[in-house]
Amino acid sequence: LGLPEEPDWVLSAPYSDKTLIRNTLAYELGNQMGSYAPRTEFMELFINDREDLIIEGGYKGLYTLIERIKRDKDRINIERLNPDDIDISGGYVIEMNPLKRIKKYESYFTTNMGTAFIVKYPNEDKITLMQKEWITNYMNDFENSLYSDNFKDLNEGYKKYINVDSFIDYILLNELFQNIDVFWAGTYLYKDKGNKISIGPIWDFDASSGNHVFRADSPYIEFTGFDYLEKTWTEMLFKDNDFTTKYIARWKELRNSVLKNENIDSIIERNVEALSDARKRNFNKWDILGKY
């Protein structure tokens, strides 16, 4: 399919996304902005359990093949972290998630402020206690600095701990789509050895762009204005004039390049054309249009 070789993939049914393309659109824009985002390919799925049922009984509709988020030279390109490494300042991949969604077998930690993270790399079988304590302390130090009186200070404030540019791009793209999950679940961060922590890659845009499924009797809720001013961490980031100034400048830059209406529309139209016949077969298989 022209994608980098790797054994781990997600085969995702865009079941709640009646357009079928929200994830693909967001990920392509993310890659165009210059940060890694999962690459995708559309495909139709057939279960080949009996040769004569491949077309009729075996057809399962449209799916999106998505690169699973992980440490890899062609995905999150950070150094390996081995159990016997002396330098344990990286690499880590962690995912913000509410405690109720974390499975018992998953390795996780909670900061002093109550923010919960799953450690995605190293995995639960390989991470050492010392490494887990190191990344826990790092995130504690970051949050303590962010919510301190001198949080704007260049040497002792939050900028000591995070890649600010990564946060700006991440927030801008998720704000553009008004992705309701961000800074609550499915929010990834990674840290390489000797570097500050970066946020990303972006992930899971099914419940974005107006497709907000909070209640069965009112699934589509219209959001207006900016939604991220009072999220976890952003409530403080936007109190720093330096961060806000960079955020505005980056938005203006992107609106004249990657996030121009013409570019967004062209990606949408390309995906619509690619799915012209497949979407008909998908909705013939799954009678879900106009339904919650």
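Guide: On a 1 Å grid over the protein atoms alone, a pocket is an open set of points where a 1.4 Å probe fits, with protein on both sides within 12 Å along at least five of seven lines, and lining residues have an atom within 4 Å of a point. Strands are DSSP runs (E, at least two residues), helices likewise (H or I, at least four), numbered from the N terminus. This is a predicted model, where local features need pLDDT of at least 70, side-chain atom pairs count only at pLDDT 80 or more, and totals for chains, interfaces and linings use all residues. Residues are numbered from 1 along each chain as its sequence is written, and side-chain values use heavy atoms, without hydrogens and water.

Visitor: What makes strand S6 stand out in the lining of the largest pocket?

Guide: Strand S6 (residues 116–121) gives the most to that lining, with 4 residues. The pocket holds about 1100 Å³ of space, a volume being the space filled by probe spheres set on the grid points, which are joined across faces, edges and corners. Of its 41 lining residues, the closest to the centre are Arg68, Glu95, Glu106, Lys120 and Tyr188.

Visitor: Why are strands S1 and S2 called edge strands?

Guide: Two strands pair if DSSP finds at least two bridges between them; in the open sheet of 3 strands, ordered S1-S3-S2 with antiparallel pairing, strand S1 (9–12) and strand S2 (40–46) each pair on one side only, so they are the edges.

Visitor: How do you know that S2 pairs with S3?

Guide: 7 bridges join S2 to the antiparallel strand S3 (residues 59–67), and the definition asks for at least two, so they count as paired. Phe46 stands opposite Tyr59 in S3.
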